[in-house]
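Subject: Structure handover and notes on helix packing

Dear colleague,

Please find below the structure I promised to pass on to you.

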Amino acid sequence: MTAHHTLATPPATAPWPMQALKAVVVLHVVALLFQAVTAGMLLSSPGGRALHENSGIALGVIGLAHLVAAILVWRPGGGSARFVGPAAALLVLTVAAALLGLAHMTVLHLPLGVALFGGGVAQLIRVMARE
């Protein structure tokens with residue numbers, strides 16, 4: 001009788017859609033934080049408005065990439081759909097915040113920006129916790 005030793009298999013690397021989602025969620029949270037920084041610059045420097053508007057456009061593009069990555073994890077990747085809803089909500093709320101900002105409704109724009117950052121961090125925690 002011979003003993004067979006089995007080696008523990010190393011953990012498989014995440015498929016590329018999940019790796020892409022992790023990367024884009026990190027980028028999304030950094031972009032949300034940068035929006036807060038440029039909001040302060042908007043109040044304190046003459047060029048702050050243009051920087052805040054342009055980084056807001058970039059934030060929208062990153063939000064769209066976040067949604068696409070979440071869909072790719074779900075559909076072709078065969079993963080869970082649980083990342084799609086929060087990604088879609090972040091994108092819709094980003095557009096709403098942008099429209100409120102353009103309408104100079106800061107009383108709604110600022111709290112929504114804070115909520116967006118909180119939602120982005122919550123999504124980051126969910127995505128990074130996935131094995």
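The notes below go through the helix pairs one by one and then turn to the aromatic rings.

Please bear in mind throughout that this is a predicted model.

I begin with the pair formed by helix α1 (residues 16-44) and α2, whose axes come within 8 Å and cross at roughly 160°. Since angles over 145 degrees count as roughly antiparallel, α1 and α2 are therefore roughly antiparallel to each other. In passing α2, helix α1 makes a left-handed crossing, and the contact of α1 with α2 comprises 22 nonpolar, 9 polar and 1 charged residues.

The next pair joins helix α2 (residues 48-74) to helix α3 (residues 84-102), which pack at an angle of about 165° with their axes 9 Å apart. That angle makes α2 roughly antiparallel to α3, and the crossing in which α2 passes α3 is left-handed. On the α2 side the contact is made by Leu-59, Gly-60, Gly-63, Leu-64, His-66, Leu-67, Ala-70, Ile-71 and Trp-74, while α3 brings Val-84, Ala-87, Ala-88, Leu-90, Leu-91 and Thr-94. Sorted by class, the residues of this contact of α2 with α3 are 11 nonpolar and 4 polar, with no charged residue among them.

The last pair I looked at is α3 with helix α4 (residues 106-129), where the axes come within 9 Å and cross at roughly 160°. This makes α3 roughly antiparallel to α4, and the crossing of α3 and α4 is left-handed. From α3 the contact draws on Pro-86, Ala-87, Leu-90, Leu-93, Thr-94, Ala-96, Ala-97, Leu-100 and Gly-101, and from α4 on Leu-108, His-109, Leu-112, Leu-116, Gly-119, Gly-120, Gln-123 and Arg-126. By class, the contact of α3 with α4 divides into 10 nonpolar, 6 polar and 1 charged residues.

Turning to the aromatic rings, the structure holds 0 aromatic pairs.

Notes: Residues numbered from 1 in each chain as written. Predicted model: local features only at pLDDT ≥ 70, side-chain atom pairs only at ≥ 80, totals over all residues. Heavy atoms only, no water. Phe/Tyr/Trp six-rings, centres within 6.5 Å; stacked < 30°, edge-to-face > 60°. Axes fitted to C-alpha atoms, helices over the stretch in contact; angles between N-to-C directions. Helix = DSSP H or I, 4+ residues; strand = E, 2+ residues; numbered from the N terminus. Parallel < 35°, antiparallel > 145°, perpendicular 65-115°, else oblique. Left-handed = near helix turned anticlockwise from the far one by under 90°. Contact = heavy atoms within 4.5 Å. Nonpolar A, V, L, I, M, F, W, Y, C, P; charged D, E, K, R; others polar.
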